[in-house]
2 protein chains.
Amino acid sequence: MTASNNATSPRRRRIPSAAVNRLPVYLQILTDLQLTETSQVSSDQLAALANVNAAKVRKDLSYLGTYGTRGVGYEVAFLIYQIKRELGLLTEWKTIVVGAGNLGSAITVNGGFASRGFPVVAIFDVDPRKVGTHVGELTVRNLDEMCDFVRVNGVHIGVLAVPSTAAQSVADDLIAAGVGSLLNFAPVVLTTTKGVTVRNVDLGVELQILGYHEQLRGQASSQPNRISV
Amino acid sequence: MTASNNATSPRRRRIPSAAVNRLPVYLQILTDLQLTETSQVSSDQLAALANVNAAKVRKDLSYLGTYGTRGVGYEVAFLIYQIKRELGLLTEWKTIVVGAGNLGSAITVNGGFASRGFPVVAIFDVDPRKVGTHVGELTVRNLDEMCDFVRVNGVHIGVLAVPSTAAQSVADDLIAAGVGSLLNFAPVVLTTTKGVTVRNVDLGVELQILGYHEQLRGQASSQPNRISV
DNA sequence: TAGATTGTTAATCGATTAACAATC
DNA sequence: TAGATTGTTAATCGATTAACAATC
């Protein structure tokens, strides 16, 4: 409705990465709001729901364009559309999962990623006992077929749910086959060619960061390994 | 060996959070190095392995104390010890997992967190069909027992691998029972009392961030949904 | 002594946020 | 007009990194 400003968008401003990391969170909240039939939202409300500063919300949203109405707020549906457009979620990015263990299965079945723009189109494993079994609606394929599959189907994103020892080699194969982004769950730092985007999710690292904060808390009182209440 | 500088450490400097987030990565790399019998490492080498700037490595390590040797580098074993000390990993932080689905199981079994200082001491689920089944060496307990268990055993950290709809309520219970930190896998922003540390891992958010980068890449060439090679 | 590498300074860059004019 | 809220400016804060004296 407001529209058009940069509908043609000939040259694209780069959005600061801190803002890119928050936009999906706003999107999530706005989608939830829409289910409660909320049609308008202010930066204050959105900030409260996202646990951030209202000025930050306005600044982040300003990178999308000037889509708010002073004195009123933002139209939820329109903002959802604009965030999706900016993040490239109007396109579906074909995704495959490598590793059909608990984690790979959780991601494939549980993730509900299809609804968020990331259809998991295949899952692979090297273990012949897993090949042929079902994970959600998919049949586990042999790792040997992975490279061809990526090339033939134009897969964009690879999710690595394999052991650390295998991660680099699988990553190399995926990149050679044309994948542009990797989501890596193995606790190793991957070496990649330039231009490939990697995001790491290391559950051990997350816990260790929490451990640090637990320690800080324990410090005020005395013994760290005791419960304080 | 160098030791003692702040072995008593009466007042503790706060380490910048960006550095806290990287220390576990260095720890991982150093542990791997130790397996290859490497006893000394320079900031340059460590930086290459961690994919960061060498000056950043030195600065990060300087928050631990001055444990390097000019002209030589750092002793791997000693650095491992110091990072563990700083992150509070010399203590074991009792951890429970809530939700015994694929994700909860992956975390419990797969994680190998015990070896990294976070023994998963129990797993809970609300589904009576899951209660009593085994996940690794643990038996799934009924969610009803969770609060008592946390209080009696002095659990420090709760991992939320439950559906979005249940996450806030489980978080409230855990906090009331005395847990200090939460690792949340549900795609919701949790509301917590002050002093509780929360880290969120939202796999959908990670993918959406990758989607943005895929889009940027696609832009130089033309059509985003086609494969470029 | 010559070579190597740390630890730290200081410059730079990016992120956050209070404040407020613009405007619905 | 009065009240509300955006969009943006500018101040501040924190993170990054080049450079180099200190020193093994």
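Contact here means heavy atoms within 4.5 Å. All views show a predicted model.

**View 1. Chain A meets chain B.** The contact draws 70 residues from chain A and 70 residues from chain B. About 6,300 Å² is buried between chain A and chain B. Carbon and sulfur atoms give 64% of that area. On the chain A side, Leu207(A), Gln208(A) and Tyr212(A) lose the most area to chain B. Together they account for 12% of what that side buries. Why quote an area at all? The size of an interface is often given as the accessible area lost when the parts come together.

View 2. Helix α8 of chain A, residues 203-220, gives the most to the side of chain A that touches chain B. The helix supplies 16 residues. What kinds of residue make up that side of chain A? They divide into 36 nonpolar, 21 polar and 13 charged.

**View 3. Salt bridges join chain A to chain B.** Side chains of opposite charge can pair when their charged atoms come close. The count between chain A and chain B is 4 salt bridges. Over all chains, the count comes to 12. Arg199(A) forms a salt bridge with Glu206(B). Their closest N and O atoms are 2.4 Å apart. Asp202(B) and Arg116(A) also meet in a salt bridge, at 3.4 Å from N to O. Asp202(B) lies in the loop between β10 and α8 (203-220) of chain B, while Arg116(A) lies in the loop between α5 (102-110) and β4 of chain A, so this pair joins two chains.

**View 4. Chain A holds an open sheet of 7 strands.** The order is β5-β6-β4-β3-β7-β8-β9, and the pairing is mixed. Which strands stand at the edges? They are β5 and β9 (197-200) of chain A. Each has a single partner strand, so one side of each is left without a neighbour in the sheet.

**View 5. Strand β6 of chain A pairs with β4(A) and with β5(A).** Strand β4 (residues 120-125) and strand β6 (residues 138-142) of chain A pair in the parallel sense over 3 bridges. Phe124(A) stands opposite Arg141(A) in β6(A). Strand β5 (residues 134-135) of chain A runs antiparallel to β6(A), and 2 bridges join them. Val135(A) has Leu138(A) in β6(A) as its bridge partner. The hairpin of β5(A) and β6(A) has 2 residues between the strands. In this hairpin, Gly136(A) takes a positive phi near 60°.

**View 6. Chain B holds an open sheet of 6 strands.** The order is β7-β4-β3-β8-β9-β10 in chain B, with parallel pairing. The edge strands are β7 (141-142) and β10 (197-200) of chain B. Each pairs on one side only.

**View 7. A helix of chain B lies across the sheet strands.** Strand β8 (residues 157-160) and strand β9 (residues 181-184) of chain B run parallel, joined by 4 bridges. Leu160(B) has Asn184(B) in β9(B) as its bridge partner. Helix α7 (residues 164-177) of chain B lies across β3 (95-98), β8 and β9 of chain B. How does α7 run relative to β8(B)? The angle is about 170°.

Methods. Residues are numbered from 1 along each chain as its sequence is written. Chains are lettered from A and ligands numbered from 1 in the order in which they are written. This is a predicted model: local features need pLDDT of at least 70, side-chain atom pairs count only at pLDDT 80 or more; totals for chains, interfaces and linings use all residues. Side-chain values use heavy atoms; hydrogens and water are left out. Buried area is the accessible area (1.4 Å probe) that two parts lose on being put together, summed over both. A salt bridge is a side-chain nitrogen of Lys or Arg within 4 Å of a carboxyl oxygen of Asp or Glu. Ala, Val, Leu, Ile, Met, Phe, Trp, Tyr, Cys and Pro count as nonpolar, Asp, Glu, Lys and Arg as charged, and the others, Gly among them, as polar. Two strands pair if DSSP finds at least two bridges between them. Axes are lines fitted to C-alpha atoms, for helices over the stretch in contact, and angles run from 0 to 180 degrees between N-to-C directions.
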